[in-house]
Amino acid sequence: MSAREFVVLGTASQVPTRHRNHNGYLLRWDGEGILFDPGEGTQRQMLRAGVAAHDIDRICVTHFHGDHSLGLAGVIQRINLDQVPHPVTAHYPASGQKFFDRLRYATAYRETVALREEPVSADGTLAQGPSYTLEARLLSHPVESFGYRITEPDGRRMVPELLARHGIKGPDVGRIQREGRLGAVTLDEVSEPRAGQRFAFVMDTRLCPGVDALAEGCDMLVIESTFLDEDERLATDHGHLTAGQAARVARDAGVRHLVLTHFSQRYTDPTEFERQARAAGFEGELTVAADLMRVPLPKRG
């Protein structure tokens, strides 16, 4: 199993269909799991996808429309029922605090897990650690909505030819990585810069500066494409994107792998989303998401 992969639990916009559950997505990032937008039915989709409550370390909700949040009640209760041994942190728009409270305490249950509430009220950094920085950016939707971006710190890639030139091998490779120097040889002399991986999650929104900021330089961009291009006016009126708009964002931002999701029930042919995305000029790796799909993050550059 990839240490970094994106697990699709549901892909439906507004209402579930015979083949699409409400939204729900889990990002596995090394030893941590980040659950995005758990819509109705997420708990059952987790079971089908082999995702356990113990896998969840963070919950990130973009906004409080039902298809992105009605599953919170079940997920939170399952975390407590299974007595997850680590704290779980929840991020969500601060303007929707009353909705979060209602979902967290929708019914009676025994709280056994420390659920830390960290609501989002503005653009900025939400969490920072050795593995990644989590940021939020305001989007444009009829209710307040935030997108999320995860950025790995930049590092260095060891170059075999340079290591051989300086006679460094075996355990000494790890030593120079840790200490930055081995005798007279510095780490810079045997390595080259390597940009950290970047992942963004963009749900219900029109085109806006927040979308571009989240997408910039991403290795993987997961983005809503609720409508096809012929329904662009509907998309704008309701605060959504089309397949072509999402693809142009990815193209201009230099995205390596584009994942389209959040499809209106009016469409039954997923290949049309791919066709329109390609017609918009996106040439990178492209996935039209389907329920229970696993998508590995691109290998580091």
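Select Q245 and show its surroundings: leaving aside neighbours within four places in sequence, Q245 is in contact (heavy atoms within 4.5 Å) with L207, D229, E232 and H240. This is a predicted model, in which local features need pLDDT of at least 70 and side-chain atom pairs count only at pLDDT 80 or more, while totals for chains, interfaces and linings use all residues. Residues are numbered from 1 along each chain as its sequence is written, and side-chain values use heavy atoms, with hydrogens and water left out.

Q245 belongs to helix α9, residues 243-253 (helices are DSSP runs of H or I, at least four residues, and strands are runs of E, at least two, numbered from the N terminus). Its relative accessible area is 7%, so Q245 is buried (under 20%, 1.4 Å probe, protein chains only).

Next, select the open sheet of 7 strands, ordered β6-β5-β4-β3-β2-β1-β18 with mixed pairing (two strands pair if DSSP finds at least two bridges between them). β6 (115-117) and β18 (294-296) are at the edges with a single partner strand each, so one side of each has no neighbour in the sheet.

Zoom in on β3 (residues 32-36) and β4 (residues 58-60), which run parallel and are joined by 3 bridges. F36 has C60 as its bridge partner in β4.

Finally, show helix α3 (residues 72-81), which packs on the sheet and touches β3, β4, β5 (88-91) and β6.

Note on methods:
Buried < 20%, exposed > 50% of the residue type's maximum accessible area, 1.4 Å probe, protein only. Axes fitted to C-alpha atoms, helices over the stretch in contact; angles between N-to-C directions.
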